[in-house]
Amino acid sequence: MRKLPLDQWVESVVDWVGSNLGVIFTLLSSIINGIVYAFSSLFHLLPPWLTILLIAALAYRLGRWRLALFTVIGLLLIWNLGFWDATMDTSALVLTASLVSIVLGVPLGISAARNRTVRSILTPLLDFMQTMPAFVYLIPAVTFFGLGVVPGVIASVIFAIPPTIRLTHLGIQQVPDDLVEAADSFGSTPTQKLLQVQLPLAMPNMMAGINQTIMLSLSMVVIASMIGAQGIGADVYRAVTQLNTGQGFEAGLAVVILAILLDRLSQKLVSNKRRSDSKGIRRFLWIGAAAVLVLIAASIYQNMSKESGGENEIGKLVDYRIIGIDPGSGLMKATSQAIQDYGLNNWTLVEGSGTAMTAALDRAYKNQEPIIVTGWTPHWMFIKYDLKYLDDPKQSFGGSEEIHTIVRQGLKTDAPSAYRFLDRFHWQPSDMEEVMNSISDGVTPEDAAAAWVKKHSDLVAEWTDGIPKANGQTLKLAYVAWDSEIASTNVVREVLATKLGYKPEMLQVEIGPMWVGIAGGDADAMVAAWLPTTSKDYYDKYKDRVVDLGSNLEGTKLGLVVPSYMNVDSIEQLR
């Protein structure tokens with residue numbers, strides 16, 4: 001049966017929306033960026049010890065001494081572990097996502113309770129939003145809003161808004177009919193009935209929904225860090241990719257403390273504000289207005305306190321950001337070293353993933369906008385776009401690299417045919433780029449690899465000449481989801497399956513677990529070890545527990561990459 005081209009339809013819709021509604025996305029991005037910046041400025045305005053005292057005082061007012069004691073101990077521990085700034089950034093992201101969810105969710109919940117048509121439309125949409133894997137929201141968010149906190153907030157709102165809508169609707173629906181009829185008999189207008197009868201009685205359910213929205217927003221911080229949203233999530237993601245158990249536990253503990261604080265404070269706020277008459281609503285509006293003024297004042301103060309000197313024209317164009325990839329990669333470490341070597345102290349290296357980086361590059365290139373990314377060759381983006389490397393006179397990125405084939409110990413005995421093929425496997429950057437370019441054009445990795453193997457049968461014959469076929473033996477190939485490694489691993493899988501009689505399985509993991517899998521025997525081989533720079537730390541750690549079969553590709557390059565239309569040629573020009 002022919003497959004429906006649903007993926008192509010979705011991409012067409014995304015392309016159309018991005019092309020025709022760009023002004024709306026720019027406006028939304030500015031608003032969300034402003035709110036996040038305001039919260040972040042407020043949280044960073046005061047010294048940590050004073051912020052802890054103020055939050056503890058609020059906790060004592062709402063929950064007495066036990067909650068206040070936990071607040072002091074928990075926040076002091078976060079400060080001591082060195083995650084204070086990251087926690088404040090995460091708090092700004094979570095509160096912004098929660099605020100947007102409440103502003104949108106409460107009116108939608110009220111509309112659903114009062115209009116059957118609205119309810120019929122919203123119900124399947126909410127089901128879709130709650131069951132669709134959160135990772136799916138990331139790439140469209142990057143496509144429309146670029147990398148950073150804005151797509152993180154958008155993805156968090158989509159994931160977290162359903163409880164607010166559903167429980168607002170449920171709370172209003174559960175208001176006793178006799179009370180509604182009594183309000184009608186006294187001549188109440190629909191607005192009076194809503195504000196003075198339905199909302200006060202529905203408030204416990206509504207606040208429960210808001211509490212769940214806050215918790216769900218916080219649960220997105222690690223996922224949002226994959227598209228450049230900084231905070232504790234970035235520390236957790238970095239620890240996962242680098243297999244740093246201790247740092248991961250510390251960062252995870254900071255998330256737990258923040259989650260408990262937000263949960264307890266919001267619950268206590270609900271229990272202490274059950275009375276929601278018109279006077280209470282007016283008081284809430286006054287408090288909200290005062291909070292907005294405080295946020296605006298904090299933002300203005302933060303802007304005024306910034307250093308005005310030392311600005312760089314290129315830096316201003318790209319907001320002093322370099323768009324990076326996975327935090328555990330050697331390319332990111334080399335970029336951090338370049339920032340230090342060239343004195344780019346006011347620049348930020350945005351962590352994310354290879355996919356997020358190319359999505360941001362695609363968005364900027366289509367709009368002819370300036371952007372600086374971490375790049376490597378071979379990569380399909382050099383075929384699709386007109387790009388150039390920035391000169392690196394200080395050699396922070398080193399020279400050219402090689403990609404090595406690494407196998408587990410004992411593979412030569414257990415699977416001699418696979419071992420001999422992997423030892424012979426070697427191709428050119430142009431070969432890899434050919435496969436990557438096919439994949440970027442929409443061909444599946446499996447089909448792109450099969451087409452390449454068929455087209456280059458002479459080279460494949462050299463790899464497999466004289467090697468006996470296996471009898472359906474299973475092999476596990478580990479790879480990290482970089483475009484180059486997707487291409488090479490699929491080609492190796494195709495040869496093992498169609499030419500040598502193996503049943504290869506592909507395991508997509510992060511770079512750290514990939515090395516651990518080979519070293520521990522959970523995977524048999526990989527063709528993705530960039531040396532001597534990118535995978536240096538992992539190679540030094542596990543070289544005695546794996547077998548290095550040497551390079552399968554030479555002539556790679558690492559560095560900072562910009563579109564050719566940008567008037568910059570060297571990293572030194574970024575100072």
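I take a residue as buried when its relative accessible area is under 20%, as exposed when this is over 50%, and as partly exposed in between. The model I am examining is predicted.

Entry 1. I looked up aspartate 263 with that cut-off in hand. Its relative accessible area is 12%, so aspartate 263 is buried. I noted that its side chain forms a salt bridge with that of arginine 264, at 2.5 Å from N to O. Arginine 264 is partly exposed, at 37% relative accessibility.

Entry 2. I then asked how many salt bridges there are in total. The count comes to 12.

Entry 3. I turned to the pair of aspartate 537 and lysine 333, whose side chains meet in a salt bridge of 2.0 Å, N to O. Aspartate 537 belongs to helix α25 (residues 536-542) and lysine 333 to helix α15 (residues 330-341), so this pair ties together parts 204 residues apart in sequence. I recorded both as partly exposed: aspartate 537 has a relative accessible area of 38%, and lysine 333 has one of 40%.

Entry 4. Next I examined lysine 366 and aspartate 362, which form a salt bridge with their closest N and O atoms 3.2 Å apart. Helix α16 (residues 354-366) holds both residues, four residues apart, or about one turn of the helix.

Entry 5. Last, I noted a network: Arg408, Asp414 and Asp524 are joined by salt bridges that share partners.

Terms used. Residues are numbered from 1 along each chain as its sequence is written. This is a predicted model: local features need pLDDT of at least 70, side-chain atom pairs count only at pLDDT 80 or more; totals for chains, interfaces and linings use all residues. Side-chain values use heavy atoms; hydrogens and water are left out. A salt bridge is a side-chain nitrogen of Lys or Arg within 4 Å of a carboxyl oxygen of Asp or Glu. Buried means under 20% relative accessible area, exposed over 50%, partly exposed in between (1.4 Å probe, protein chains only). Helices (H or I, at least four residues) and strands (E, at least two) are DSSP runs, numbered from the N terminus.
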